[in-house]
Number of protein chains: 2
Amino acid sequence: MGDMDLQIARQSATLRTQVEDKLRQAISSGRFKPGQRLVERELCESIGVGRTSIREALRQLEAEGLITSYPHRGPVVSTITYEEAAQLYSVRALLESYAGKEFAENGTAQDIHTLNEAVAEFAEAAANGAGSRLIKAKTAFYDCLMQGSGNVFVKQMLTSLHNRVTLLRMTSMTQPGRLNHSVEEIKEIAAAITDRNGAKAAAACKYHIDMAAKVALDYLRKTSENDGD
Amino acid sequence: MGDMDLQIARQSATLRTQVEDKLRQAISSGRFKPGQRLVERELCESIGVGRTSIREALRQLEAEGLITSYPHRGPVVSTITYEEAAQLYSVRALLESYAGKEFAENGTAQDIHTLNEAVAEFAEAAANGAGSRLIKAKTAFYDCLMQGSGNVFVKQMLTSLHNRVTLLRMTSMTQPGRLNHSVEEIKEIAAAITDRNGAKAAAACKYHIDMAAKVALDYLRKTSENDGD
DNA sequence: ATTGACAGATTGTCTGATAATCTGCTTATT
DNA sequence: AATAAGCAGATTATCAGACAATCTGTCAAT
C-alpha cells in the first residue's frame, strides 16, 4: 500500500460545510458581488439543498463577515468602505508581522523548509503567469506563514481577513508591475525567517502588506470617486 | 423634541439573536462548563424555542469559537489548553496595544472623556467590591477602548477574544491582590491616552495584559497538574 | 408632494418525518 | 481474557410544508 493517502474522500463531513465552501468560493471568485442580495430559495435551487443547510451556512458566513444580514430582509454580500479597507490592511500588517516574527523565532525547521518551497512555487507561477496557479501558490504561502506562527488565534483571524480582502474585488497583484515587487517582498520575508531574524521578518511582512495596501487603496480611491455618495 | 432617545426597544430583532445572547451568557457565566455537551432538544426545552433558532444560534457561537461541534455528535462548549491560553493572551496583548496606541493618537476628545468616566466607575466598583458592577464596569472600559481604536476589525477580534477568555473559567481579578493592581494599570492606560502618548499607551496596555496572563497561566498550570493527561 | 392602504415577496420560526451516524452493550470467536 | 461483530438507543443532519411577521413597491387619495 505504500504511502498512499489514507484519507477517504470523507464526503465533506456535512452538507452544510460544503455549502459554506461553495458560497465562500462564489463570493471570493466574484460570482456573487458585494452588495448583491442572496435569496434563500434561489440558493436552495442553484445549490440543490434544503433551506436548513443554506440558512446555517449563511449564519457561518455572517459571523465571518463575508455577508451581512438584515432582519426580515435577508443576507447581502458585505461591502467594504474605503475607511474599512484601510483598517483591514492595518490589522493585517499588525498580525502578519507578528506571525512572521514568531515564525522566525520559534518555527520548526520543517515549517521553514515548506515555506521556502511555497515561495519557489509562487515565484515560478508568477514567471509563467498562470492565474489560478498563482492564487493557489499565494494561498499556500500564507497558509504556511500562519501555520508557522504557531498561534491558532492569529491563524484564524488572518484567514478571516484574507477572505474579506476578496470583497474589495481587486487583486493588488493584477496591478501592472505589482506582481514582481510582490515576489521580491515575499522572498525577503522567507529569507528573514530562514535567517531566524525575527525583527527583520516582521519588518518585511509589514512592508509587504503596506505596499499591497497602498496599491489597493489608491485604486479604490480612484474608482470610488465616481460613485461616492 | 430635543435630544430625546428615539430608539424603540426593538425587541431584539430576531429570536435567534436572543438565543445567541442567552447561550453566550450561559457559557461566560459558567452555567455551561467547558467540555459540556449541548443537546439540541434540551436547549429547545430550557429556552423554549424551536430547533431552527437553536441550531442557527449554535452555528454563530461555533464561528465565534465558543463552542466546537463534531459532525453527528453535536456541539460541546470549547475547551482551551494551556498553550492556547498563552497564545490567546499574546494576541490580546498585540491587539490591545494597537488599540491603545491608535486611541491615544487619533481618538476623539469625546471618546477620551468617556474612557475616563469608565475608569472612574471601575475604580469605584473595585473599592466597593460589587461583583456584577465590577464586571459591567470592566466591560464598559473595554468597549470604550475598542471603540476609540477606530478600527472595526480590531474591535470585532478583541470582542471575540474577550468572550473566549471566559472559557478559562477563572477571573484573574479574583486572585488576591490582583484587583488593585488591575485598577492601577487601567488608570495608567487612561492617563497615557489622555496625554495623547501613543507609545506609552501601547506599553501600558501590553503590561496590563501580560500581568493578567501571568496570573491566569500560573493558575492554570497549578490546577492542571492534577488532570493533565 | 406626501400620506395611507394594499398586495406580493421573503424571511423567521415551528413541527413532523426520515436517514445517517455515533455510542455503548451484548454476544460470539479465537 | 482479549478482540471482533453486531445490535439497539440516542442524537444529529436534512428535508418538506406551513404560517405569521415584516419589508417593499405601487397606486390611489388628500
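## Basis of the model

This is a predicted model, in which local features need pLDDT of at least 70 and side-chain atom pairs count only at pLDDT 80 or more, while totals for chains, interfaces and linings use all residues. Residues are numbered from 1 along each chain as its sequence is written, and chains are lettered from A and ligands numbered from 1 in the order in which they are written.

## Helix α7 of chain A

Helices (H or I, at least four residues) are DSSP runs numbered from the N terminus.

Buried residues, meaning those with 20 or more other C-beta atoms within 10 Å of their own, C-beta atoms being placed from the backbone, are in α7(A) F153(A), V154(A), K155(A), M157(A), L158(A) and R164(A). They pack against α4 (82–106) and α6 (131–149) of chain A, and also against α4 (82–106) and α7 (152–165) of chain B. Leaving aside neighbours within four places in sequence, V154(A) is in contact (C-beta atoms, placed from the backbone, within 7 Å) with L95(A), Y98(A), A99(A), M146(A), S149(A) and V91(B).

## Core and chain contact

V154(A) is also one of the residues with the most contacts inside the largest nonpolar core, together with A201(A), V154(B) and A201(B). This core has 81 residues, and its largest share, 11 residues, comes from α4(A); a nonpolar core is a set of buried Ala, Val, Leu, Ile, Met, Phe, Trp, Tyr and Cys residues joined through C-beta atoms within 7 Å.

The contact between the chains takes 22 residues from chain A and 22 residues from chain B. On the side of chain A that touches chain B, α3, α4 and α7 each supply at least two residues, and α4(A) gives the most, with seven.

## Surfaces near the DNA

DNA strand D is surrounded by 18 residues, the closest being L15(A), V49(A), G50(A), E40(B) and G74(B), where near means a C-beta atom, placed from the backbone, within 6 Å. At least two residues each come from α1 (15–28) and α3 (51–64) of chain A and from α2 (40–48) of chain B.

DNA strand C is likewise surrounded by 18 residues, the closest being E40(A), G74(A), L15(B), V49(B) and G50(B). Two or more residues each come from α2 (40–48) of chain A and from α1 (15–28) and α3 (51–64) of chain B, with α3(B) giving the most, three residues.

Notes: Buried ≥ 20, exposed ≤ 12 C-beta atoms within 10 Å, placed from the backbone. Contact = placed C-beta atoms within 7 Å.
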